[in-house]
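Here's a quick tour of one protein chain, written for someone new to reading structures. Have a look around first, then follow the notes below.

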Amino acid sequence: MPRGDKEVVVSDSEPGKVEPQQGGEKMPSPAPSKKIFMEDPSEYRPELKDMLIGKDQEEFRGFYNEDNERYDIVAETYSQMHSKQTVEFVKHMHEKWTKLTHFKMTIMEAVEKLDELVDESDPDIALPNSIHAFQTAERIREAHPDKDWFHLVGLIHDLGKVIALHGEPQWATVGDTFPVGCQFSNKCVFPEYFDNNPDRSHPVYRTQYGMYEPNCGLEKVQMSFGHDEYMYHVLVGNGTSLPVEGLYMIRYHSFYPWHTGNDYDYLCNEKDRSMLEWIREFNKFDLYSKADSIPDVESVKPYYQSLIDKYIPGVLSW
Ligand SMILES: [Fe+2]
Ligand SMILES: [Fe+2]
């Protein structure tokens, strides 16, 4: 895998050019197959650095070295993200993506589609991205055998990354998320890059609560746009029966300044707080499953298909 391909290479599809479905017309099929090199910079966890280094020095030491090429990619992604994810931008992305008018596919097709995203962070291993989905799911299944919905959440939590196959840049697809329309937190990674965000000089958005009421609840809070928020809308928009805990895990799994940094409690209500432990429980499996053995995907697929049939069946609108 060429390490030089830092940038996300967009697909042949023209972003923003897909017209809403009308009069029963068929939606365009998913973007043509094309490999996209990207890295989810949420793996960069300075707050957990000591813990990670203690756990597996060889594997993680290089990652935190500023001379390392990965560090540059991560820093560049956050530089773009923190300067361009504004209230205006998030509104635009909701308009564009949450109407689910872009393409149709099943959950299992989306899992396979993930393999067109090549994780640049593993240049030597070059595992298909769907392996992370199955690894996360299988580890959850081992630890929580009685919660089948939780297993499915493990499998599908990153499926929102398919927007990268339709031209969205890395900084609008992956990485830690944060609320827009209020003061940016120093608990976000690379907080200094917020200096270039025009919302920082907005008279309302620059204040602690910004456009929100104290403890209004995260449901009323606009998060920076990425695969978490998009997948939440795909699930709800297609009428999933996954429990609320599962939907929270998917929607906020990259909201590190909250679930790991312990910030933003002033925007949360009791429901959000009651979900926090679930998100943290999920996060363990998401972060640490990558070093695990590779599951035999073909043998576990029928089990996951049965969960899809139970909680989010059929062909979905995306
Ligand atoms: Fe993710
Ligand atoms: Fe993940």
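Before we start, one term: a residue is buried if 20 or more other C-beta atoms lie within 10 Å of its own, exposed if 12 or fewer, and partly exposed in between. Keep in mind, too, that this is a predicted model. The protein chain has 318 residues, and 41% of them count as buried. Its secondary structure comes to twelve helices and four strands.

**The overall fold**

- Take the contacts in the protein chain with a separation of 6 or more: residues 24 or more positions apart account for 78% of them.
- The largest nonpolar core has 69 residues.
- Inside that core, the residues with the most contacts are Val-111, Val-153, Leu-155, Ile-156, Leu-159 and Met-231.
- Ile-156 touches Ile-107 and Met-231, leaving out residues up to four places away in sequence.

- The buried ones in H7 are Phe-150, His-151, Leu-152, Val-153, Gly-154, Leu-155 and Ile-156.
- What covers them? The cover over the buried residues of H7 includes helix H5 (107–113), helix H6 (129–143), H8, H9, helix H11 (270–288) and H12.

**Two helix pairs to find**

- Two packed helices are described by the angle between their axes and the distance between the axes.
- For H7 and helix H12 (residues 297–311), the axes come within 10 Å and cross at roughly 105 degrees.
- Angles of 65 to 115 degrees count as roughly perpendicular, so H7 is roughly perpendicular to H12.
- On the H7 side, this contact is made by Asp-148, Trp-149, His-151, Leu-152 and Leu-155, while H12 brings Tyr-304, Leu-307, Ile-308 and Tyr-311.
- Sorted by class, the contact of H7 with H12 has seven nonpolar, one polar and one charged residues.
- Now try helix H8 (residues 227–237) and helix H9 (residues 244–252): their axes come within 6 Å and cross at roughly 145 degrees.
- H8 supplies Asp-228, Glu-229, Met-231, Tyr-232 and Leu-235 to this contact, and H9 supplies Leu-247, Ile-250, Arg-251 and Tyr-252.
- By class, the contact of H8 with H9 has six nonpolar, no polar and three charged residues.

**Annotated binding sites**

- One "binding site" annotation in UniProt, from an unreviewed entry, covers His-132, His-157, Asp-158, His-227, His-253 and Asp-286.
- Another "binding site" annotation from an unreviewed UniProt entry covers Arg-61, Asp-119, Glu-120, Ser-121, Lys-161, Gly-175, Asp-176, His-253 and Ser-254.
- Asp-158 sits in the loop between helix H7 (148–156) and H8. Is Asp-158 buried or exposed? Asp-158 counts as buried because there are 26 C-beta neighbours inside 10 Å.
- Not counting residues up to four places away in sequence, Asp-158 touches Leu-114, His-132, Ala-133 and His-227.
- His-253 is in the loop between H9 and helix H10 (256–259). With 23 other C-beta atoms within 10 Å, His-253 is buried.
- Setting aside residues up to four places away in sequence, His-253 touches His-157, Asp-228, Ile-279, Phe-282, Asn-283 and Asp-286.
- Asp-176 is found in the loop between H7 and H8, and Asp-176 is buried, with 26 other C-beta atoms within 10 Å.
- Beyond its neighbours within four places in sequence, Asp-176 is in contact with Ser-42, Cys-188, Val-189, Ser-254, Tyr-256 and Pro-257.

**Other spots to check out**

- Leu-316 belongs to strand S4 (residues 316–317). Leu-316 counts as buried because it has 22 C-beta neighbours inside 10 Å.
- Leu-316 and Asn-238 are 78 residues apart along the chain, and their C-alpha atoms are separated by 6.2 Å.
- Phe-190 has a positive phi of about 50 degrees although it is not a glycine. Phe-190 is in the loop between H7 and H8 and counts as partly exposed, with 18 C-beta neighbours inside 10 Å.
- Asn-215 is a residue other than glycine with a positive phi, near 50 degrees. Asn-215 is in the loop between H7 and H8, and with 14 C-beta neighbours inside 10 Å it counts as partly exposed.

Methods:
Residues are numbered from 1 along each chain as its sequence is written. Chains are lettered from A and ligands numbered from 1 in the order in which they are written. This is a predicted model: local features need pLDDT of at least 70, side-chain atom pairs count only at pLDDT 80 or more; totals for chains, interfaces and linings use all residues. Axes are lines fitted to C-alpha atoms, for helices over the stretch in contact, and angles run from 0 to 180 degrees between N-to-C directions. Helices (H or I, at least four residues) and strands (E, at least two) are DSSP runs, numbered from the N terminus. Two residues are in contact if their C-beta atoms, placed from the backbone, lie within 7 Å. Ala, Val, Leu, Ile, Met, Phe, Trp, Tyr, Cys and Pro count as nonpolar, Asp, Glu, Lys and Arg as charged, and the others, Gly among them, as polar. UniProt positions are given in the numbering used here, feature names are shortened, and annotations may be inferred rather than shown by experiment. A nonpolar core is a set of buried Ala, Val, Leu, Ile, Met, Phe, Trp, Tyr and Cys residues joined through C-beta atoms within 7 Å. Angles under 35 degrees count as roughly parallel, over 145 as roughly antiparallel, 65 to 115 as roughly perpendicular and the rest as oblique.
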